[in-house]
Amino acid sequence: MRFWFGQNTIAKVFKNRRLRWNTIYLLATTVIAIVVAFLVNWAVGIILLLLGIIGLVMSLSQLQHLAGETEQYLSDLTYEVQNSQQEALLEMPIGIIIMNSKDVVRWANPYMVKYFGDDIVVGDKLENSVPELAKIVEEHRDDSQPAVVTWRDRQFEFRYQKRFNNIYLMDITKYEEINQRYINERLFLGNIYLDNYVELTQGMSDSDVSNLHNYVTSELSDWADKFNLLLKVIDDDNYLLLGHEIDLHKLEERKFKILDTIRENTSKMNSPVTLSVGISYGQTDFIKLADTAQRNLDLALGRGGDQVVVRAEDEQARFFGGKTNPMEKRTRVRARVMSHAFQELMNQADQIFVVGHTNPDMDSMGACLGIRRIAEMNDKKCWIVLDQERLHSDVAKLLFQFKDYQSIEDCIISPEEALDKATDKSLLVMVDHSKVSLSMAPKLYERLTNRTVIIDHHRRGEEFPENPLLVYIEPYASSTCELITEMFEYQPREGKGLNKIEATAMLTGIEVDTKNFIQNSGTRTFDAASYLRSAGADGQLIQYFMKENVDDFMERNHLIANTKFVDDKIALCVGPDDKIYDIVTAAQAADMLLQVEGVSASFVITRRSSDTIGISARSVGDYNVQIIMEKMGGGGHLGNAATQIKGHSIDEVKQQLLDILQSKDDTEETEE
């Protein structure tokens, strides 16, 4: 029977688990029935045996028929699948290239061949026949996700299957064009603010105010029409701007020359108007778009105005303009409002911590002493957070004087002590800086992130605390000590005022930052200095603080001896890579180089620590050193800026600076 029905049939039956058990069950039942029949009656047993044999033969015959049909079905299905696979490889709209381990092309499907043109690639290394594609393979060989690449003026979704050395390319040019069109037609929102319009129009006749406003509006309207923008007048000094992102790219390419045009033309009218613009893009939510645009405008104003800030949410900002020194526009009213707001915050706090920047100077220390005195006048405990490990000679001399002022000396604590004392109701005051990375106590800021006040005179940078309770940033002020001095006028009269050492330290901070009232000095600067003198500031003690020791003097002169000139207008001083210089020494060297005839800007590069290179940059106004330093991760003012770079050598930082200085600046080009 095994040979009659075939060995394969029996094997196929018993390969199927369900058929196997059903067959065993049927055979067992039949055998039992036959045995029982023989025991009862041999005739009945013979009949049942014959019937069992006939049933078994018929069952196996049927099973053989079913197995044959199943085998035929599977054979046909396998053929169709293989045929479909072959057809897919040949006809599917995806390019396939199969290579061996040495990147020799073994096969390419017809869809891929059409992109090769007359190039013969099969049998040759890919880098020989199609070097552009070979370069793409090398760049994306280890990518875990598909990459969008451009090849032969087409865009493809590229994937490299490293295990089999296969390349897959899907032409998505049409879809990328649709995506690019969508991006180009997304809306951007801008806020335009006339920085000094209110101050400028005070005292002007109605006709002159009208003429000035009409000119600015007309100039902005013509500019908007040229670039297909919608301009809406919101107020006398405020405009709304709306346009497509593709037009925003055109504005960026032309560096927003409208700022220079309006400033220069209104200057000829003896009414110089400057613009600040905040622009946001990249979103479909208009509420978020408007919020980001306003924050960008605040950033532009915080940096001194006369500039444009372009930024999408959660992206780095791009700055344009800012080539002029900011014009003073702060008022006594703002100083009074800020003073009262600060007083309210102090009254709600259980204690105040005031912290300056790393490597503190006299402006930073004077500001800390001023805040401590204001807190004491409001019956609040204030701690000065200071790391005393590395201090310049002037600050060290100031600390030595505190031995006669025990109340001040007892209030100076380390960052670690401050962190232990801080509570949820404590108030942190950051003075003379607004970047957490420059703070002397960054961990204290993390502890009091939502309980922070910022008082500073530097231009606001892109790095900025997220949720400060109060921000008093005035780039028009000479120093932070000047800002804090003005706040004393609005403090409780019954409180004890500044003592001699506090007034002296604050006046020293003003003199250091103004180079003895030569730079960045206004009428408000002299008013603050007069107040401090009346409070007991000691001129002789100031001279003592500002005197330098012989070692510092010789070290600075030795540093200046390494100066070389770039284009005869830029002094570049580079210290040796194996010597660490104090930050004040480098800054003083940069200041002294500006005194050389014909020098418009100076840069001093020195090693500040084993892993940090610092640059002190100064300018008389012809160069915006702030923008140059921002490109290297720093910031500051137009004529006074700096940066610190980690993980590089002196020569690498020098070359990076030279590349920036020697790159062509096309900001003087006019819009077409």
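**Figure 1. Overall view of the protein.** Among contacts between residues at least 6 apart in sequence, what share joins residues at least 24 apart? The share is 63%, a contact being heavy atoms within 4.5 Å. This is a predicted model, in which local features need pLDDT of at least 70, side-chain atom pairs count only at pLDDT 80 or more, and totals for chains, interfaces and linings use all residues. Residues are numbered from 1 along each chain as its sequence is written, and side-chain values use heavy atoms, with hydrogens and water left out.

The protein has 27 helices and 23 strands. These are DSSP runs, numbered from the N terminus (helices: H or I, at least four residues; strands: E, at least two). The radius of gyration is 40 Å, well over the 26 Å of the globule rule for 672 residues, so the protein is more spread out than a compact globule. That radius is taken over C-alpha atoms, and the rule is 2.2 Å times the number of residues to the power 0.38. Along the principal axes, the C-alpha atoms fill a box of roughly 140 × 65 × 60 Å.

**Figure 2. Burial across the protein.** Of the 672 residues, 46% count as buried. Buried means under 20% relative accessible area, exposed over 50%, and partly exposed in between (1.4 Å probe, protein chains only).

**Figure 3. The salt bridge between R318 and E252.** A salt bridge is a side-chain nitrogen of Lys or Arg within 4 Å of a carboxyl oxygen of Asp or Glu. By this rule the count comes to 25. In this view, the closest N and O atoms of R318 and E252 are 2.7 Å apart. R318 sits in strand β11 (residues 318-321) and E252 in helix α11 (residues 245-253), so the pair ties together parts 66 residues apart in sequence. R318 is partly exposed at 28% relative accessibility. E252 is buried, at 12%.

**Figure 4. The salt bridge between K500 and D538.** Here the closest N and O atoms are 3.2 Å apart. K500 belongs to helix α21 (residues 500-513), while D538 lies in the loop between α22 (523-534) and α23 (539-546), so this pair ties together parts 38 residues apart in sequence. K500 is partly exposed, with 38% relative accessibility.

**Figure 5. The salt bridge between E127 and K125.** The closest N and O atoms of this pair are 3.7 Å apart. E127 is partly exposed, with a relative accessible area of 49%. K125 is partly exposed at 31%.
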